[in-house]
Protein chains: 2
Amino acid sequence: MITLKLDLGERGYPIHIGSGLLAQADLFAPHVRGRHAVIVTNTTVAPLYAEHVAQSLASLGKQVVTVTLPDGEAYKNWQTLNLIFDQLLGAQADRKTTLVALGGGVVGDMTGFAAASYMRGVPFVQVPTTLLAQVDSSVGGKTGINHPLGKNMIGAFWQPSAVLADIGTLQTLPERELAAGLAEVIKHGAIADAEFFTWIEANIDKLNARDPQALTWAVQRSCEIKAHVVASDEREQGLRATLNFGHTFGHAIEAGLGYGEWLHGEAVGCGMVMATDLSARLGFVEPALTARVRALVAAARLPVKGPALGEDRYVDLMRVDKKAEGGDIRFVLLNRLGQAFMTSVPDDDLRATLRAGV
Amino acid sequence: MITLKLDLGERGYPIHIGSGLLAQADLFAPHVRGRHAVIVTNTTVAPLYAEHVAQSLASLGKQVVTVTLPDGEAYKNWQTLNLIFDQLLGAQADRKTTLVALGGGVVGDMTGFAAASYMRGVPFVQVPTTLLAQVDSSVGGKTGINHPLGKNMIGAFWQPSAVLADIGTLQTLPERELAAGLAEVIKHGAIADAEFFTWIEANIDKLNARDPQALTWAVQRSCEIKAHVVASDEREQGLRATLNFGHTFGHAIEAGLGYGEWLHGEAVGCGMVMATDLSARLGFVEPALTARVRALVAAARLPVKGPALGEDRYVDLMRVDKKAEGGDIRFVLLNRLGQAFMTSVPDDDLRATLRAGV
């Protein structure tokens, strides 16, 4: 097991990465106080792993309640969040109750927001079971739900007490979701570590084949990069925004098709190709880099072309993105492989990218 | 105008108290950044004061949107909160948008929670127009909504950027709401300042008659006490919990009758009589103090007897209170006039108070 530390002073926490962590009660013990522990999971993950976690918690003497949500981005909304509150209140869960998010990014984001909001804040532990959640969404304290008019528009910054990334759970992950997670792994290389990007290129077949060692390094290096960025800019005043590379395009795709049609990682994969294309159009990088990013995204079995929503619709959808300010869309672009920055872009170039990339 | 300061380091803010503040654009100016300012108010307050505030904000060059909610505790729920999000997203309000809560405690709590959650947090200004909001709920950053199973169960600690308490707005307040606000004024005396309690006894007729000078002092002294308590214990780990004097009984009354039947302040008024009775039963104070609290609550035209919900129902409702831990109900009691503490109590004494006080 590898343990990283996200350094946020009082709100800092460990990120444990390894195999068989779900059954290790001692990893939960320091982070689960109070009498109640509430596992929040979904209908897909529950039959696979809920019992392991429940046993670990029960062995610590906790009263364990399991809340099983419907599975999918389409359910990342208030109605589903309310199912958590209903059960917390039904179980008379008090202020010291710890929530345990067992599942992918949707479960983690919703459980985190429930923890942030229940009685104005209770602790929670992230137990990500998808690659996307292990390399990205479980780390950093962004929580929330979608609104019909925008993704993650309602939420909170609320840090978990610990992250337990059990690599073993990736063996049961559907192939499409594995690929979606690789999008964020590629992103970390693209924006922060050219050497890591090159390593992913060289090891993409192993990653696709779920080689445990390759996956462990992909998760570890991703978490290191993310933890470093979050520690230096928790509330996304600057550097942290670069983690949204590919996301402005990606969010437009997700919102335009309706959440859940494409997986988040699929939209981001495609969005990174578009963002690199835009970087090249504006002269920040060579066009060859676009080809390289496109090839790696394709090798990870992710889409490289966006859906035909229409140029104007793309622009409208991007304007309501959280990074927009006063209607001005801000993009994360590359100025070389391994380095990203934020900027506004001329409308013509944006539209050229949309025409080329869709 | 008097200006107090709530000292919370980076999150500290001014509390301005005086007459005619709504029209003073310069008081808003330092706290309203970005292009958009969104006034959140209700159907009762909007026709009286929304235009004043909108003009002040417009004179600063802001694009002003006004969101008018239905009035009353019964609407302090997710559906109403969502009306705010719908309009924020509809207006493409960005991350720098400032919300302005114009109204009583319900508007302030909901606007604050909307500000805490919109795009994971935007700034907001409290412009309380009821006595209750001016002396209590607008100060301290507690925000939230009710759940059918409990009051304020979903929310956040989110501090405003400023509080503008315009005493002039109290002249249009319905008598019942004035009385409800006086409950919290009395509470501040009871838990923290015996001299202030005595001053309220001596000036209750002036307060009932809305004498501006008396009201100003009542608001100022209340805000001083509350600001001091919040500054020393923002997240209610200890001292801040004493501000819930009368509230454990009060919340049970509100929940038992259905939110909105009794005003919060009415339930708290009655709850303080019960909590003092319980303090006396346990020997912490003389029974004469119960009579004194009862007399002042009555003089403020507030109920002194609880509704007949049944003993068991009261106990059940109190068990789900946020202050409960592991089913153990924690009460704020007095150990003398001007000093409060938290404790569990024997069931028999609690039930004796319920039998006597209902």
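Select A:Glu224 to start: its relative accessible area is 24%, which makes this residue partly exposed. Buried means under 20% relative accessible area, exposed over 50%, and partly exposed in between, with a 1.4 Å probe and protein chains only.

Before moving on, note that this is a predicted model: local features need pLDDT of at least 70, side-chain atom pairs count only at pLDDT 80 or more, and totals for chains, interfaces and linings use all residues. Residues are numbered from 1 along each chain as its sequence is written, chains are lettered from A and ligands numbered from 1 in the order in which they are written, and side-chain values use heavy atoms, without hydrogens and water.

**Stop 1**

The term stands for a side-chain nitrogen of Lys or Arg within 4 Å of a carboxyl oxygen of Asp or Glu. A:Arg221 and A:Glu224 sit three residues apart in helix α8 (residues 212-232) of chain A, so about one helical turn separates them. Helices (H or I, at least four residues) and strands (E, at least two) are DSSP runs, numbered from the N terminus. An α-helix has 3.6 residues a turn, so residues three or four places apart point the same way.

Now go to chain B. B:Arg221 forms a salt bridge with B:Asp193, the closest N and O atoms again listed at 2.8 Å. B:Arg221 belongs to helix α8 of chain B and B:Asp193 to the loop between α6 (175-192) and α7 (194-208), so the pair ties together parts 28 residues apart in sequence. Both B:Arg221 and B:Asp193 are buried.

**Stop 2: helix α6 of chain A**

Select A:175-192. This helix, α6, has 18 residues and spans 26 Å from first to last C-alpha, close to the 26 Å expected at 1.5 Å a residue. The expected span is 1.5 Å times one less than the number of residues. In α6(A), 14 of the 18 residues are buried, so the helix is largely enclosed by the rest of the structure.

Zoom in on A:Glu175. It makes a salt bridge to A:Arg301, at 3.3 Å between the closest N and O atoms. A:Glu175 is in α6 and A:Arg301 in the loop between α11 (287-299) and α12 (311-319) of chain A, so parts 126 residues apart in sequence are tied together. A:Glu175 is partly exposed at 46%, and A:Arg301 is partly exposed at 39%.

Next, select A:Glu311, A:Asp312, A:Asp347, A:Arg351 and A:Arg355: a network of salt bridges links them. Over all chains, the structure holds 38 salt bridges.

**Stop 3: the sheet of chain B**

Show chain B as a cartoon. Seven strands form an open, mixed sheet in the order β1-β2-β9-β6-β5-β3-β4. β1 (2-6) and β4 (63-69) are at the edges with a single partner strand each, so one side of each has no neighbour in the sheet. The twist averages 15 degrees from one strand to the next. Strands pair if DSSP finds at least two bridges between them.

Pick β5 (residues 98-103) and β6 (residues 124-128) of chain B: they pair in the parallel sense over five bridges. B:Ala101 has B:Gln126 in β6(B) as its bridge partner.

Angles run from 0 to 180 degrees between N-to-C directions, with axes fitted to C-alpha atoms, for helices over the stretch in contact. Contact means heavy atoms within 4.5 Å. Helix α8 of chain B lies across β1 and β2 (13-18), at about 15 degrees to β1(B).

**Stop 4: both chains**

Zoom out. Chain B superposes on chain A by a rotation of 180 degrees with 0.0 Å of shift along its axis (RMSD 0.0 Å). That is the relation of a two-fold axis.

How values were computed. Copies are superposed by least squares on the C-alpha atoms of residues with pLDDT of at least 70 in both.
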